[in-house]
Amino acid sequence: MKSLKGQDVLALGFMTFALFVGAGNIIFPPIVGLQSGPHVWMAALGFLITAVGLPVVTVIALAKVGGAMDSLSSPIGRTAGVLLASICYLSVGPLFATPRTATVSFEVGLAPLTGDTPLALFAYSLLYFIVVLAVSLYPGRLLDTVGRVLAPMKIVALAILGIAAFMLPMGEIGDATPAYQAAPFSQGFINGYLTMDTLGALVFGIVIVNAIRSRGVESPRLITRYAIIAGLIAGVGLALVYISLFRLGANSHDIAGAATNGAAVLHAYVQHTFGNLGSTFLALLISLACLVTAVGLTCACAEYFSRLLPLSYRSLVIILAAFSLVVSNLGLTKLIQVSVPVLTAIYPPCIVLVALSFCVGLWHSPGRVVAPVMLVSLLFGLIDALKGAELAGWMPQWLSHLPLSEQGLAWLLPSVAALAAASIYDRLLGKPVEVAV
């Protein structure tokens with residue numbers, strides 16, 4: 001029975017970590033650290049639960065069913081499962097997340113050096129997606145190209161930044177903003193939730209499993225075991241990155257006290273710490289982080305849709321890379337305006353799906369429970385989506401004041417209530433009657 005060597009398992013963990021860490025993961029924690037002030041570690045705890053815990057749990061859930069999202073969604077039926085998976089793949093793939101990796105890496109890393117012009121963005125994104133295409137065309141080599149080459153480079157760059165954050169702090173911790181003074185844990189929890197890494201985990205599951213199979217491992221038990229180990233390695237790596245970036249942000253009040261986003265905090269810190277090489281270092285770090293994530297998303301989307309459409313994997317990689325190139329040139333602001341409401345709506349049912357996948361053995365018919373709870377979470381997620389799209393004026397006033405609505409979690413309590421009701425209903429009906437054919 002074929003198994004992975006220790007160095008292959010480590011490379012798999014590095015690859016999984018590298019797939020997750022994009023620009024958003026790097027620029028988001030510093031602003032939380034800056035704004036939470038003396039409450040930074042309470043905010044960090046909340047952030048780590050949703051930005052590390054949920055993605056790792058999602059990887060484990062997918063590993064148990066072979067890596068494919070449609071296997072995870074089997075309790076809601078094939079049609080609904082394919083629809084949900086397609087929306088997730090498109091949302092965190094060519095419609096938003098993949099193009100965003102190019103626009104974010106350009107605006108955060110390169111625009112300060114070249115100027116934020118359409119021509120500069122096009123030239124950068126063209127070169128960027130040529131590299132993404134070249135790597136994605138050979139998914140069987142991901143463990144070598146990403147796990148052994150790109151991921152270690154990315155880890156070294158992040159390690160330099162993380163060590164500097166602890167060894168070379170820029171000053172004392174400043175005051176917390178009113179929101180973090182009132183509820184630091186809750187604010188950190190919500191900010192971690194909004195990183196959308198759980199959706200990324202749903203997409204990357206098949207990439208991780210296929211990387212294991214590319215080494216000749218066929219045993220479902222070993223595939224699950226290696227995927228879980230990879231998820232845990234990635235989780236530890238993510239936690240270390242976030243902790244160092246929280247520290248960086250918290251101690252940057254003297255040099256970036258007026259910053260309104262994590263990119264500004266990072267720019268100020270790196271420039272102050274590394275001098276004239278600071279901007280170049282940050283540009284390389286952000287570009288490398290985004291590039292690896294874009295490769296993972298492109299491979300995952302092509303792999304999934306090649307099983308649904310009469311198109312080959314290679315054809316889909318070319319189409320996805322070209323489409324992402326076009327969308328990326330719309331600019332980051334427009335991408336966010338269009339896509340965030342969509343992601344806000346589909347995130348709650350995905351969390352419900354992952355959470356309930358560990359409980360399917362408790363019910364006579366999992367579909368009776370999972371499907372209605374996901375539907376309720378989607379309906380209330382749509383309320384948050386409408387608010388995010390600034391269309392709340394179309395809704396009854398009471399919908400804008402639901403419990404936890406201000407935290408973007410209006411779906412949580414209704415979903416728990418639906419879970420209780422559906423579980424009772426399943427218990428009353430008992431096991432489904434099998435009809436003999």
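**Entry 1: Asp8**

Is Asp8 buried or exposed? I looked it up: Asp8 is buried, with a relative accessible area of 9%. My cut-offs are under 20% for buried, over 50% for exposed, and partly exposed in between, with a 1.4 Å probe and protein chains only.

A note before I go on: this is a predicted model, where local features need pLDDT of at least 70, side-chain atom pairs count only at pLDDT 80 or more, and totals for chains, interfaces and linings use all residues. Residues are numbered from 1 along each chain as its sequence is written, and side-chain values use heavy atoms, with hydrogens and water left out.

**Entry 2: salt bridges**

I searched the whole structure for salt bridges and got 2. To count, a side-chain nitrogen of Lys or Arg has to be within 4 Å of a carboxyl oxygen of Asp or Glu. Side chains of opposite charge can pair when their charged atoms come close.

Asp8 pairs with Arg215, and their closest N and O atoms are 3.9 Å apart. This pair links distant parts of the chain, since Asp8 is in helix α1 and Arg215 is in the loop between α11 (197-213) and α12 (220-250), 207 residues apart.

I also found Asp426 and Arg368 meeting in a salt bridge, at 3.2 Å from N to O. Asp426 is in helix α19 (residues 412-429) and Arg368 in helix α18 (residues 366-388), so this pair ties together parts 58 residues apart in sequence. Asp426 is buried at 0% relative accessible area, and Arg368 is buried too, at 18%.

Helices here are DSSP runs of H or I with at least four residues, strands are E runs of at least two, and both are numbered from the N terminus.

Helix α1 (residues 6-20) has 15 residues and reaches 22 Å from first C-alpha to last, close to the 21 Å expected at 1.5 Å a residue. The expected span is 1.5 Å times one less than the number of residues. I'd call α1 mostly covered, with 11 of its 15 residues buried; among them are Asp8, Met15, Phe17 and Phe20.

Helix α5 (residues 78-91) has 14 residues that should span 20 Å, and its end C-alpha atoms are 20 Å apart, which agrees. Its buried residues include Gly81, Leu84, Cys88 and Tyr89.

**Entry 3: a surface patch**

Which residues form a nonpolar patch on the surface? They are Trp41, Ile163, Phe166, Met167 and Leu168, with about 550 Å² of accessible area together. Helix α8 (residues 142-167) gives the most to it, with 3 residues. Phe166 lies in α8 and is partly exposed at 37%.

Patch members have over 30% relative accessible area and no salt bridge; like charges are joined within 9 Å, nonpolar side chains (Val, Leu, Ile, Met, Phe, Trp, Tyr) within 5 Å. The areas come from the Shrake-Rupley method with a 1.4 Å probe, and for residues only the protein chains shown count as cover.

**Entry 4: Val57**

Val57 is in helix α3 (residues 40-64), and I found it partly exposed at 33%. Leaving aside neighbours within four places in sequence, Val57 is in contact (heavy atoms within 4.5 Å) with Val354 and Phe358.

**Entry 5: the whole protein**

I counted 19 helices and 0 strands. Buried residues make up 54% of the 437 residues. The C-alpha trace spans about 75 × 55 × 40 Å along its principal axes.
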